[in-house]
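Thanks, everyone. I'll keep this short. Please have a look at the model on the screen before I go on.

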Amino acid sequence: MHWRHLRRRCQKVIGRIPVPDPFSAQDLCERLAAERDRPLRLLALPTPTVPGTPSGMLLSVETEDFILYDGQTSPLHQEHIIVHEIGHLVCNHRSALDDTRLHRHLDLTDPQSVRRVLPRIRYGDEQEQEAEMIATLILEAAGRVPAPTLLSGMLGGLESAMGLRASRPAGASCSPG
C-alpha cells in the first residue's frame, strides 16, 4: 500500500477521534470509551516484554475492551503502544483468534495467566501498517512526534544536521504558529 494513500485514509479515521489537549493516552482512552459507550481499560503488564513477544495487545470481549501494554518500558514507549492498539480498535481490526475464547481462560489479575493465554497474535501487514499510521497521526496531532517533512526518513537526518529543520523543544506543537 502506498504510504500517502495510507496516511490520507488514516487521517479520515482519526478525524473522528477526540484527541485531548493536553494529551494523555489515559484521557484518550476515557474519551473513546465515553464516545463508544463501551469500557476501554488499560492494563500494564507488570513484567517487561521480551524480544519476540508483543509489547501491547488489544483484547475485545462481549462487553468491554482491554489494552494490555508493557508497563516497564519508558512512558513515551508506553504511550506509543497504547495509541497503536487504539489504532487497531478504531479500524475494527480482528485477530485470527476469537478474543472472547481467550478471555474465558484469562485472569487479568494474574500476570502468568496473561502470558499463558495470550499467544503471539499477528495482525495482517496491512492492519499493522494502519495501526502504526493511526498511532503516528495521533501522536503528531498531540505534538509528541514531529510531522513529516519533504526530507523525512534518511534525508531527514541530513536536513537536521544541515540546520534546515528547526528543532522544537520536547512536547512543543508540530504545527507552525
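Start with L45, which sits in strand β1, residues 40-45. This is a predicted model, by the way. Is L45 buried or exposed? Its relative accessibility is 12%, so L45 counts as buried. Now find Q72. L45 and Q72 are 27 residues apart in sequence, yet 7.6 Å apart in space, C-alpha to C-alpha.

Next, the helices. Helix α2 covers residues 25-36 and helix α3 covers residues 75-90. They pack at about 20°, with axes 10 Å apart. That makes α2 and α3 roughly parallel, because angles under 35 degrees count that way. The crossing of α2 past α3 is left-handed. On the α2 side, the contact uses A25, L28, C29, L32 and R36. On the α3 side, E79, I82, I86, L89 and V90 take part. By class, that contact has 8 nonpolar residues, 2 charged and no polar ones.

Now salt bridges. How many does the structure hold? There are 7. Take D65 in strand β3, residues 65-70. R36 is partly exposed at 32%.

Last one. R9 bridges to E130 at 2.3 Å between the closest N and O atoms. R9 is in helix α1 and E130 in helix α6, so the pair ties together parts 121 residues apart in sequence. R9 is partly exposed at 26%; E130 is buried at 11%. With E126, R9 and E130 are linked in a network of salt bridges.

Conventions:
Residues numbered from 1 in each chain as written. Predicted model: local features only at pLDDT ≥ 70, side-chain atom pairs only at ≥ 80, totals over all residues. Heavy atoms only, no water. Axes fitted to C-alpha atoms, helices over the stretch in contact; angles between N-to-C directions. Helix = DSSP H or I, 4+ residues; strand = E, 2+ residues; numbered from the N terminus. Parallel < 35°, antiparallel > 145°, perpendicular 65-115°, else oblique. Left-handed = near helix turned anticlockwise from the far one by under 90°. Contact = heavy atoms within 4.5 Å. Nonpolar A, V, L, I, M, F, W, Y, C, P; charged D, E, K, R; others polar. Buried < 20%, exposed > 50% of the residue type's maximum accessible area, 1.4 Å probe, protein only. Salt bridge = Lys/Arg side-chain N within 4 Å of Asp/Glu carboxyl O.
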